Amino acid sequence: KGGPAFPRTALTYGKQGEETDCDVEIYPVQVKLNVAGSDGKPMKGVSKRFFVTKKLDTAGLLAKCCEKLLHEVDLDCNPKNSRLWRLVKEGDNWELIASNNILVEEAGVSTGDSLLLETKIEGEVSWPRDHAGLNGRDWREFQVGDRVDAICHVDTWKMGSVVEVGEKILKVHFDGEHPKFDK
């Protein structure tokens, strides 16, 4: 008897065959991954559901998403030219997932969430969603002190704060970095 069956799977992680213990996760997070097209909107018919461990960080989630779609679509998907969005309400209300290596749960990702993988087209300066105006915010609307996720001096995504907003520039100070690396 009991109640309804809950979908579940078991994920193991750790080094097998060594002295260290392996952890087993009975209820990992299941997500639906969508791919953003060149217009920044989810491509029709291109999605995949899969499980990820709650102990995965957001950078690992991005890498896993690129790996899952490697053979599905013709994209140059890697963490340096890709970013993830999470659907917060039905429709097209997507929220950028910070890629500052916080745990999946801390980033607000939970079972049943839809994610959108956006990949910057080679040679383009802006992201497809930014170019199409789908991110909900024009860069000129930022104010000094706003928190942002941007590419730092070593070409990785990092959290920082806006320190200057100009006519054609947005200057960011990255957390834990010397001001000489402001970009």
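How many salt bridges does a search of the whole structure find? The search finds 4 salt bridges, and I shall come to several of them in turn. Please keep in mind throughout that this is a predicted model.

Let me begin with the overall layout. The protein chain has 183 residues, of which 33% count as buried. Its secondary structure comprises 2 helices and 10 strands. Considering contacts with a separation of 6 or more, 48% are made by residues 24 or more positions apart.

I turn next to the sheet. Strands of a sheet pair through backbone hydrogen bonds, in either a parallel or an antiparallel manner. Here, 5 strands form an open sheet, and their order is β4-β3-β7-β5-β6. The pairing in this sheet is mixed. At the edges stand β4, residues 42-52, and β6, residues 93-96, each of which pairs on one side only. From one strand to the next, the twist averages 35°.

Strand β3, residues 29-36, runs parallel to strand β7, residues 114-119, and the two are joined over 4 bridges. Within this pair, K32 is found opposite S114 of β7.

Which residues have the most contacts inside the largest nonpolar core? They are L33, L61, C65, L84, V109, L115 and L117, in a core of 21 residues. Two or more residues each are supplied to this core by β3, β4, α1 (58-68) and β7. L117 illustrates the packing: leaving out residues up to four places away in sequence, L117 touches L33, N34, V35, A36, L62, C65, C66, L69, C77, S82, R83 and L84. There is also a second, separate core, which has 7 residues, including F142, A150, V162 and F174.

I now return to the salt bridges. E95 forms one with R86, and the closest N and O atoms of this pair are 2.9 Å apart. Are these two partners buried or exposed, or something in between? E95 has a relative accessible area of 38%, so E95 is partly exposed. R86 has a relative accessibility of 15% and therefore counts as buried, because the limit for that class is under 20%.

A further salt bridge joins the side chains of D175 and R147, at 2.6 Å from N to O. D175 belongs to the segment after β10, while R147 belongs to strand β8 (residues 147-151), so this pair ties together parts that are 28 residues apart in sequence. D175 is partly exposed at 30% relative accessibility, and R147 is likewise partly exposed, with a relative accessible area of 45%.

The side chains of E177 and K158 also meet in a salt bridge, with a distance of 2.7 Å from N to O. What does this pair tie together? E177 lies in the segment after β10, and K158 lies in strand β9 (residues 157-165), so the parts tied together are 19 residues apart in sequence. E177 counts as partly exposed at 21% relative accessibility, and K158 is partly exposed with a relative accessible area of 23%.

The segment that follows β10 (170-174) also contains G176. G176 has a relative accessible area of 84% and is therefore exposed, since that class begins at over 50%. Between G176 and M159, which are 17 residues apart along the chain, the C-alpha atoms are separated by 9.4 Å.

Finally, I would draw your attention to a residue in a loop. I102 is placed in the loop between β6 and β7. Its relative accessibility is 24%, so I102 counts as partly exposed. Which residues does I102 contact, aside from its neighbours within four places in sequence? The contacts of I102 are L56, D57, T58 and A107. The C-alpha atoms of I102 and G60 are separated by 9.7 Å, and these two residues are 42 residues apart along the chain.

That concludes my presentation, and I thank you for your attention.

Technical notes: Residues numbered from 1 in each chain as written. Predicted model: local features only at pLDDT ≥ 70, side-chain atom pairs only at ≥ 80, totals over all residues. Heavy atoms only, no water. Pairing = 2+ DSSP bridges. Axes fitted to C-alpha atoms, helices over the stretch in contact; angles between N-to-C directions. Buried < 20%, exposed > 50% of the residue type's maximum accessible area, 1.4 Å probe, protein only. Contact = heavy atoms within 4.5 Å. Core = buried A, V, L, I, M, F, W, Y, C linked by side-chain atoms within 4.5 Å.
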